[in-house]
Amino acid sequence: MSCPDLGTLRASLDGAAGAPPAPASHLRTCPACADTLAELQRNAELAAPAIALTVPADQLTPAQVEAALAAFEQRRDRLAAARATRASQAQPSPSPSVGRAPEREGSPPGERVGGVVHIPSDAPAPLARRGRLARLGTRTRVAAAALVAALVLTGLVGTPAGRAAASSFLAQFRSQRFQALNVSPDQATQVDRVLAGLADTGVFTGAALHDTGLGEPRVAADRAEAARLAGFAVPVVDPAALPSGVDRTPRRLLVSPAREVRLTFDRDRALDYLRAHGRPDAQLPGRYDGTRLVIGVPAAVVQVFSGRDGAPALMVGKAGTLALTTEGGASLEELREVVLGLPGLPAELVAQVRGIGDWRNTLPLPVPTDQVRSRPTTVGGAEALAFADTSDRLHAVVWHRDGHIWGVAGVVGTDEARDVANSLG
Amino acid sequence: MRAVRDEPGTKERFAAVFRERYAELYGLGYRLLGDHGEAEDVVQETFLRLDGQPVLDRPDEEVAAWLRRVCLNTAYNRLRGRRRATARLDRAGRAERADDEADPKATPLLEVLRAEQQRAVRQALASLPERQRACLLLRHAGYSYAEIAATLDLAVGSVGVLLARGERAFRDAYLDTDDPDPGAHDVLP
């Protein structure tokens, strides 16, 4: 029999409707077709899990779809109104087509922007403006969540009440060691909800909440450039310590520059928030108002090593230490106590944070219990935390040494990750 | 061209289609763009184009195929052009990392790894010819050969070969691009 064509062979792998299966008898006697089918299978098996990585993390809820529909209908109505206005204005005195600019949604017809009169066109409006706002909104939420999460996750919640810090301008927190915090999915959701509420209601405000100032990673050309950008030496990873199947040299060097983030506490809004969430008798000293929380986010360098398939397989990271201070009337400890007392935070999680003895030097690392497990270990004699995901394919180890946070993570065994860690000087 | 807002019956049909297809289209847009806001924009633009289209009167599967086609084309337009695509992919990668940094549930280094893998996949997808990319994306999003054929306006029998070539091109792009001849050992025709 004649050889099946390429499409038929590929479809036979999927059992696609209408596709005749590749006859086993033919494949046994036709090495070319057998080889082709094997390669098709390999290619499909490479593509499937890779493309699955691009799936959105969360499914949209019906409420989100309804909100999208409402937004769509508003947008369509605005466009219709703009078209109607344009049509009525265009009739008595048609504008010359030269110099027409694309329609800007939401702009009044004929609005002068940058010296050009914008006249809506018939085509659906470009969505750049709306998109920018939408992304800004997303980023704002992200930034807000991240920055306020820093309060919670760096020990801002967690000490007994009534112990005020001696000086509000003294560095009050500096990470020197880690402690794992076990966070269940429900607890994570509760924390997310509280953090979003704080940002949305303006309890914490700051320019950092309205830009993308989260230290976007840059690609460095080499270790020297990475070191210059980060402000510290970037370690050479001993090739002999790298697991088999991993490139001997890093494929990419990512640098996240150091940055300082400032958030301002609004005492009145905090009281409003507390009273709206079941604390009608809440009181906060007036001196708390306007206190600025200063988060010193350290520079970080991540060396990315590829595996046999070309995809990233191992990361070696080094960062400075994270520091927190306050400026203003409330000490870090007092501000932490406010956050600790927020309604809606899961009591068990708060208890874990409270259980951290040396909170001024201990960086809590949240561990999602449904995805990752952690255990204490050592690296070169230093206390460390080892992590593994539930599939037991991804392993990581983080430790503190010489005033820096170090980490190794990747699709490697736990011993392999620790071997790399131990090799880093 | 009539607009759906002018015909109540059509308006309800439009809303029903929106509810039925929004999440699916959002998923396709996100797979390509890696940015929540941009994926939402692409889907909104797709439905704006549906407004007033006679295709809305066609059976559900034809409307779905039309929407997928427009959604993918709209998303591709955002990636078009090497310079723009590269910048956007970099931004998408950074956005992923920024999102990950913000995730209080995340273990940062593991999340960097995931973000790096996503960046590599999207970059490889962006390098493919448009129809191969669409075919690959749709097939690995779970669409049947018939649905892919309807979306890309081709015969069902042509899906297999397009998919085979798309997967090979994806492999070459995804694997080490430093290889001077990544297809040297190919056996595919």
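Chain A comes to 11 helices and 17 strands. Helices (H or I, at least four residues) and strands (E, at least two) are DSSP runs, numbered from the N terminus.

Some ground rules. This is a predicted model: local features need pLDDT of at least 70, side-chain atom pairs count only at pLDDT 80 or more, and totals for chains, interfaces and linings use all residues. Residues are numbered from 1 along each chain as its sequence is written, while chains are lettered from A and ligands numbered from 1 in the order in which they are written.

Now, the sheet. Chain A has an open sheet of 8 strands, in the order 6-7-10-11-17-16-15-14, with antiparallel pairing. Two strands pair if DSSP finds at least two bridges between them. Strand 6 (218-220) and strand 14 (372-379) of chain A are the edges. Each has a single partner strand, so one side of each lacks a neighbour in the sheet. On average, neighbouring strands of this sheet are turned by 20 degrees against each other, direction ignored.

What packs on it? Helix 7 (residues 223-230) of chain A does, touching strand 6, strand 7 (252-256) and strand 10 (300-306). Contact here means that the C-beta atoms of two residues, placed from the backbone, lie within 7 Å. The direction of helix 7 makes about 10 degrees with that of strand 7 of chain A. Axes are lines fitted to C-alpha atoms, for helices over the stretch in contact, and angles run from 0 to 180 degrees between N-to-C directions.

Next, one pair of strands. In chain A, strand 16 (residues 395-401) and strand 17 (residues 404-410) run antiparallel, joined by 7 bridges. A:His400 has A:Ile405 as its bridge partner in strand 17. A:Gly403 sits in the loop between these two strands.

Is A:Gly403 buried or exposed? Exposed, because 12 other C-beta atoms lie within 10 Å. The cut-offs: buried is 20 or more such atoms, exposed is 12 or fewer, and partly exposed is in between, with C-beta atoms placed from the backbone. In chain A, 39% of the 425 residues are buried.

Last, confidence. pLDDT is the predictor's confidence in each residue, from 0 to 100. Chain B has a mean pLDDT of 76. Over residues 82-110 of chain B, pLDDT stays under 50. For the complex, the predictor gives an ipTM of 0.77 and a pTM of 0.49.
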